[in-house]
Amino acid sequence: MSVVITGATGHLGRLVVEDLLAGGLPADQITATGRDTAKLADLSGRGVSTARADFEDPASLKAAFQGADTVLLVSGSEVGKRVDQHRNAVQAAKDAGVGHIVYTSLLNAAESTLVLAPEHKATEEIIRASGLPHTLLRNGWYSENYEQQLQQARETGTVLTSAGAGRVASASRPDYAAAAAAVLRDPAAHAGAVHELSGDTAWTFDELAAAMGRVLGREVVVDNVTPEEHQAVLTGAGLDEGTARFVVGLDAGTREGELSSTTGELSRLIGRPTTPLVETLGALV
Ligand SMILES: NC(=O)c1ccc[n+]([C@@H]2O[C@H](COP(=O)([O-])OP(=O)(O)OC[C@H]3O[C@@H](n4cnc5c(N)ncnc54)[C@H](OP(=O)(O)O)[C@@H]3O)[C@@H](O)[C@H]2O)c1
C-alpha cells in the first residue's frame, strides 16, 4: 500500500504522517509532500519518501503522485485560489493512475453558508466528476483555531466575538488527523463515503471563555458584539477591511450554527472520544 500526503509541511498533514507511522505503516510506503521539501527533511531521515508537490505546478503533482494507491489531498491554505489548485491535484491524481483520493473538506460543505464552504463544495464536485474512487472527510472546526483569542484573553480577560449564541463542535487537529489516517489505512472500506466530522460536544462562547479562564488561571468573559461593532473593532486594531470582513463572516456562520453539528462520526472513526476543548487550549498556553 502506498500513500501520498499533500500539505505534509503543515500541521494536519504532518500529524497524519506521524499517525500512520505510529500505527505501523512502513515508512517507505508513505510519501510526504509539500512546496518546500526542506521542511520534510526529518521525515526523510526516518525513511519516509518526500517529494515536492505544488498545487500551482501540475508536473510536480503528477510526479509526486505517480503509482500511489491513495492520495490524501489536504485542502490548501490559500483561500480564493483553492478551486483551481485542487483541480490541478485531482487531474494529476487521475493522470498518475492513483487508485483512491481522500479530501479534507468542510463540515456540511454542500449546504453550509460558511464563507469557506464554496471552495470545498466546488472541490468535492471536481472529485466526483473525476470518476476516481474517493472519500470526503468533512472536517469541522479545529479547537486550535482559538489560539490567538486565547492569547488575547490572557492579556485582556475577554473573548471578542459576534457569534452570539452559536455553538461550535470543535475537535483537535490530532483528532482529525487520526480520522484521516484511519481512512488511509483502509480506503476501500470508505469508498464513496462522506464523513461529517466534528467534536463530541458543541460549546457556546461562554463555555469557551470558561475553558480559557481555567487554563489561564484568570477570569475570562465574552464580549459579544454586533457584526458591525466587530468589524469596527478589528479594523480599529489594524486589521485590513477584507480580513476583518472574513473574520466577521466566520462568526456569522458560527452564529447560524454552521459549525455546531455533533454527528459522532469522528469519535466513531478514531475509536475514542474527541479531545475536550479545555485539553487542547491547555496545550496552547
Ligand atoms: N477546519 C478548520 O478549522 C481549519 C482551520 C484551518 C485550516 N483548515 C484547512 O485545513 C488545511 C490543513 O490545516 P493545517 O492546520 O495543516 O494548515 P497549515 O498548517 O496552514 O498547512 C497548510 C498546508 O497546505 C500547503 N499548501 C498551501 N498552499 C499550497 C500549494 N500551493 N501547493 C502545495 N501545498 C500547499 C502548505 O504548504 P507550505 O508549508 O508550503 O505553506 C501546508 O503544508 C488548511 O490548509 C485549510 O485548508 C481547516
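Colleague: What makes Phe205, Leu208, Ala209, Ala211, Met212, Gly213 and Leu216 the buried residues of H8?

Modeller: Each of them, Phe205, Leu208, Ala209, Ala211, Met212, Gly213 and Leu216, counts as buried in H8, a term that means under 20% relative accessible area, with exposed over 50% and partly exposed in between (1.4 Å probe, protein chains only). This is a predicted model, in which local features need pLDDT of at least 70, side-chain atom pairs count only at pLDDT 80 or more, and totals for chains, interfaces and linings use all residues. Residues are numbered from 1 along each chain as its sequence is written, and side-chain values use heavy atoms, with hydrogens and water left out.

Colleague: How do you know that the span of helix H8 agrees with its 12 residues?

Modeller: Helices are DSSP runs of H or I with at least four residues, and strands are runs of E with at least two, numbered from the N terminus. The expected span is 1.5 Å times one less than the number of residues; for residues 205–216 this gives 16 Å, and because the end C-alpha atoms are 16 Å apart, the two agree.

Colleague: What covers the buried residues of H8?

Modeller: With contact meaning heavy atoms within 4.5 Å, the cover includes helices H6, H10 and H12 and strands E7 and E9.

Colleague: Why are E3 and E8 called edge strands?

Modeller: Two strands pair if DSSP finds at least two bridges between them. The 7 strands form an open sheet in the order E3-E2-E1-E4-E5-E6-E8, with parallel pairing, and E3 (49–52) and E8 (194–197) each pair on one side only.

Colleague: What makes E5 and E6 a pair?

Modeller: E5 (residues 100–106) and E6 (residues 134–139) are joined in the parallel sense over 6 bridges, and Val102 stands opposite Thr135 in E6.
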